[in-house]
Amino acid sequence: RWAQQRGLPRLAGHRAGTDNLRRIIEECVRLGIRYLTIYAFSTENWRRPPEEVSGLMALLENVLERELRSMKKNGVQIRHIGRSEGVNERLVRKIKHAVESTRDNNTLVLNVAFNYGGRDEIVHTVQQIISKGLTPDEITEDVLEKYLYTAGQPDPDLIIRTSGESRTSNFLIWQAAYAEWYFTPALWPDFNEEHLRKALSFYCSRERRFG
């Protein structure tokens, strides 16, 4: 939509979105935020036109190459949440390299939700549990969480939904059960540091009840 409003190709909007990533990550580092998850590519995005999908893959490769040094400098630890199946091997290698080379960073954990879907994550989790031979009585919430892509991480406190949409879009379905949601009309490429601070101010005004 950002691109369409400007009479640009769809991929220009995705490119502008990746260009925005650095400033948001750097602002999170400055604010002392320890965990940040970005929705880079969903399992549903494969249904988009082939040329758009191909362009998105190329953009991710470019971002990994262009931003890795900056992320290392800022102490960002990259984690991939999602499946690798169906992704070309060269990109998978670059994702693994980014994960491995930032493993010891501890300023900010950046979860890149790529080839990710909340429902698919739960299916994957159940498959893993079954493969371990656990009995029904052994399956608890704590056990299930150990097999999620985000195992070992706290649940998100705040989820920011840009673009004026009011839907969850299959994002962190399990983890977001008690998260606060913030909806903004700003399109992601336009979402800046001030927008982020407004979202955090909204979060600070909330009384969290957890059910």
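Does serine 163 count as buried or exposed, and at what relative accessibility? At 16% relative accessibility, serine 163 counts as buried, where buried means under 20% relative accessible area, exposed means over 50%, and partly exposed lies in between, with a 1.4 Å probe and protein chains only.

The legends below describe a predicted model, in which local features need pLDDT of at least 70 and side-chain atom pairs count only at pLDDT 80 or more, while totals for chains, interfaces and linings use all residues. Residues are numbered from 1 along each chain as its sequence is written, and side-chain values use heavy atoms, with hydrogens and water left out.

**View 1. The whole chain, with its helices and strands.**
The secondary structure of the chain comes to seven helices and five strands, where helices (H or I, at least four residues) and strands (E, at least two) are DSSP runs numbered from the N terminus. Followed along the sequence, these elements give the pattern α-α-β-α-β-α-β-α-α-β-β-α. The C-alpha atoms fill a box of roughly 55 × 45 × 35 Å along the principal axes. The radius of gyration of the chain is 18 Å, which agrees with the value near 17 Å that a compact globule of 211 residues would have; this radius is taken over C-alpha atoms, and the globule rule is 2.2 Å times the number of residues to the power 0.38.

Of the 211 residues, 42% count as buried, and the accessible surface comes to about 12300 Å², of which 50% belongs to carbon and sulfur atoms. These areas come from the Shrake-Rupley method with a 1.4 Å probe, and for residues only the protein chains shown count as cover. Among the contacts with a separation of 6 or more, 75% are between residues 24 or more positions apart, a contact being heavy atoms within 4.5 Å. The chain has 31 positive and 28 negative side chains, and the centres of the two sets lie 5 Å apart. Here Lys and Arg count as positive and Asp and Glu as negative, whereas His and the chain ends are not counted, and the place of a charge is taken as NZ of Lys, CZ of Arg, CG of Asp or CD of Glu.

Strands β4 and β5 run parallel and are joined by four bridges, two strands being paired if DSSP finds at least two bridges between them. Isoleucine 159 stands opposite tryptophan 181 in β5, the strand of residues 180-183. Leaving aside residues up to four places away in sequence, tryptophan 181 touches Ile159, Arg161, Thr168, Ala176 and Phe202. Its C-alpha atom is separated by 9.2 Å from that of alanine 199, which is 18 residues away along the chain.

Serine 163, in the loop between β4 and β5, has a positive phi of about 75 degrees although it is not a glycine. Asparagine 115, in strand β3 (residues 108-116), is not a glycine either, and has a positive phi of about 55 degrees. At 4% relative accessibility, asparagine 115 counts as buried.

Histidine 14 is found in helix α2, which covers residues 10-31, and with 22% relative accessibility it counts as partly exposed. Not counting residues up to four places away in sequence, histidine 14 touches Arg48, Glu52, Leu56 and Leu59. Valine 99, in helix α4 (residues 89-101), is buried, with a relative accessible area of 19%. Valine 99 and leucine 68 are 31 residues apart in sequence and 9.9 Å apart in space, C-alpha to C-alpha.

Lysine 146 lies in the loop between α6 (141-145) and β4, and at 64% relative accessibility it counts as exposed. The C-alpha atoms of lysine 146 and histidine 195, which are 49 residues apart along the chain, are separated by 33 Å.
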